Amino acid sequence: MVTEQLSLWSLIADASLLVQFVMALLFFASIISWVMIIQRGLYLRNAGINLRKFEDNFWSGVDLNQLYTDIGGRGAAEGLASVFRAGFREFNRLAQQANVDADTVIEGTERSMRIALSREEERLNRNLPFLASVASVSPYIGLFGTVWGIMNSFRGLATVQQATLATVAPGISEALIATAMGLFAAIPAVLAYNRYSASADSIYSGYQTFAEEFSSILHRRVHG
């Protein structure tokens, strides 16, 4: 009888409406965070692979005009290819204009690459703020459900003459489930956020390094 009362599903079903709402909120937050964890993991993995591939191709001595043509349209370029395309397109546009000095060409090129870098940084960090929010807020939401459940349990003790374990255990157990669900949502989110944030910073640092090196190459070309 006690085992039936303390089964997980019966505890959830018999919980107060507010505690059930807290559990449902944490459950959906966990599902959404797992979707984002998988999506971000695949995206950052591909971004790292594409970064290395493009750098290998670029430093292999390929003709820059041919590389620019091979990248394709603006919508097709992502990651480092997008930074390169933005810079090289602006460089060619300014270099072909009359009465434009070399410093203006380089400044316009660097400005175009900074804009592209800003877009790529936004793509790399997309959904990470949500994971950070789930990681930081979920334990407190679960704790709120626990406190509310325990309050209801002690309030219920006022209606009985003798408090026993069988009387107190169900209410406390349902309350602790909310804390467990909060931790279940928070732990994967915080681990994923720390890992993906470091990975995004590393990839973005590679983008910035390439932009600086590419700017130096174009600087030598326009002044040569």
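Select E90 and R93, which both lie in helix 5 (residues 80–95), three residues apart, about one turn of the helix. Helices here are DSSP runs of H or I with at least four residues, strands are runs of E with at least two, and both are numbered from the N terminus. The model is predicted: local features need pLDDT of at least 70, side-chain atom pairs count only at pLDDT 80 or more, and totals for chains, interfaces and linings use all residues. Residues are numbered from 1 along each chain as its sequence is written, and side-chain values use heavy atoms, with hydrogens and water left out.

Show the side chains of E90 and R93: they meet in a salt bridge, 2.6 Å from N to O. The term salt bridge means a side-chain nitrogen of Lys or Arg within 4 Å of a carboxyl oxygen of Asp or Glu. E90 is buried, with a relative accessible area of 15%, while R93 is partly exposed at 42%. Buried means under 20% relative accessible area, exposed over 50%, and partly exposed in between (1.4 Å probe, protein chains only).

How many salt bridges does a search of the whole structure find? It finds two. For the other stop, select E120 and R123, whose closest N and O atoms are 2.5 Å apart in a salt bridge. E120 and R123 are three residues apart in helix 6, so about one helical turn separates them. Is E120 buried or exposed? E120 is buried, with a relative accessible area of 1%, whereas R123 is partly exposed at 25%.

Stay on helix 6, which covers residues 102–124, and select D103. D103 is partly exposed, at 46% relative accessibility.

Next, select N127, in the loop between helix 6 and helix 7 (128–157). Its phi is near 75°, a positive value in a residue other than glycine. Most residues other than glycine have a negative phi. N127 is partly exposed, with a relative accessible area of 25%.

Now turn to the aromatic rings. The structure holds 15 aromatic pairs. One of them is F54 with F58, which is stacked: 6.4 Å centre to centre, with 20° between the planes. Rings of Phe, Tyr and Trp (its six-membered ring) pair if their centres lie within 6.5 Å; planes under 30 degrees apart count as stacked, over 60 as edge-to-face and the rest as tilted. F54 and F58 both lie in helix 3 (residues 17–58), four residues apart, about one turn of the helix. F54 is buried at 9%, and F58 is buried at 5%.

F58 lies in helix 3 and F214 in helix 8 (residues 165–223), so the pair ties together parts that are 156 residues apart in sequence. F214 is buried, at 0% relative accessibility.

Finally, show the whole chain. The protein has eight helices and zero strands. Buried residues make up 38% of its 224 residues.
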